[in-house]
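This report covers a ligand site, a helix pair and the chain as a whole.

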Amino acid sequence: MKLPKFLTKKPKKKHTPLKTQEVKFSYGKQAVLQDISLEIKEASITAIIGKSGCGKSTFLKLISGIISKSHKGKIKIFGKNKTWNKNKLGFVPQELSMIPDLSIKDNINLAGLNLGISERTAMTKAKELLELLKLNEDLDKKPDELSGGQKVRLNIILSLLHNPQFLILDEPFVGLDFQNRKLLWHFLESMKKKGKAIVLTSHLLSETEEHVDRIIILKNGKVFFTGKPEKLKEKLKIKYIFEVKFAYLSKENLQQIKDNCYIKRIPILDHYDKYIMFALESENTRDQLTRLFKKLNLSYEELSLREPNLDEIFLKE
Ligand SMILES: Nc1ncnc2c1ncn2[C@@H]1O[C@H](COP(=O)(O)OP(=O)(O)O)[C@@H](O)[C@H]1O
Ligand SMILES: [Mg+2]
């Protein structure tokens, strides 16, 4: 039986918002990205983290098409070359992108023009976003008349006027106080609920850990880790953080502790004066340490034995 055409139409193949394969990129002779292969799924929030200068911004600019210099490897946005799907992508740069001499209203119009949407659509969308991000200011004001946190929020709004399916935000939390960071997280979470794919970078690791589905760690130009934050703790074998404050700690004692930890592979994450922070693989490791303190005749106070947060995990790197 020959079915009518509309019944034979296969569902549209859904493409992954981002898929990169073996992406390499250099600034002149400086190789920044060596091999970045990753995928970003729709309806998800992913944080790209890594030390300052490791190439996070470069990677985001590369996938957004802001860097026009050539790279090696493949970058597909919704299954296509990024130049063909630019309208599906919204890039919020870390640097403020508005023009100081123009009013907020004119900045909105200009951003709309750059994104290829009409003045009316830009303004309608902007008003929705201004309300969501609680920016109830006179649109005739100039950006310089806004507070730092308001400027950051306006910067975000200007990049999202075309309702992109894939949001890329470079350090969007810098300059925002706790309340506004919460507001932005809620905003991103509601965008995720609408199916949007979100990728961001942030230095506030413990806060980020609470809100994202996945983290991707870049190290030496490669993907060092990808997965849920808990998995990273497993991979790095840090089950607990153990903090101790000694009543007295001589240089010799400190060296003995360090030597012992080196041999037994117990990482010391932090040390200041009479305080030491250890990373423990298990509770047995704590017993090993307390036996050592006893042997050295050290009196001490246990400050904590608890699960590590992402900031502390990064101390090990
Ligand atoms: N436009 C540029 N020209 C040359 N080198 C650059 C440029 N932008 C960044 N770099 C260098 O590339 C490396 C990665 O930078 P970046 O991507 O900004 O790192 P991150 O965002 O992780 O802090 C750094 O060593 C930086 O100095
Ligand atoms: Mg950066």
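## Ligand site

In this predicted model, ligand 1 is surrounded by Y27, V32, G50, S52, G53, C54, G55, K56, S57 and T58, taken as residues whose C-beta atom, placed from the backbone, lies within 6 Å. Helix α2 (residues 56-64) supplies the largest share of this shell, three residues. Helices are DSSP runs (H or I, at least four residues), strands likewise (E, at least two), numbered from the N terminus.

By class, the shell has three nonpolar, six polar and one charged residues. Ala, Val, Leu, Ile, Met, Phe, Trp, Tyr, Cys and Pro count as nonpolar, Asp, Glu, Lys and Arg as charged, and the others, Gly among them, as polar.

## Helix pair

Helix α3 (residues 104-114) and helix α4 (residues 119-132) have axes that come within 9 Å and cross at roughly 120°. α3 and α4 are therefore oblique to each other.

In α3, I108, N109, A111 and G112 meet E119, T121, A122, M123 and A126 of α4, a contact being C-beta atoms, placed from the backbone, within 7 Å. The contact of α3 with α4 comprises five nonpolar, three polar and one charged residues.

## Whole chain

The protein chain has 11 helices and 14 strands. Its C-alpha trace spans about 80 × 65 × 45 Å along the principal axes.

## Conventions

Residues are numbered from 1 along each chain as its sequence is written, and chains are lettered from A and ligands numbered from 1 in the order in which they are written. Local features need pLDDT of at least 70, side-chain atom pairs count only at pLDDT 80 or more, and totals for chains, interfaces and linings use all residues.

Terms used. Axes fitted to C-alpha atoms, helices over the stretch in contact; angles between N-to-C directions. Parallel < 35°, antiparallel > 145°, perpendicular 65-115°, else oblique. Contact = placed C-beta atoms within 7 Å.
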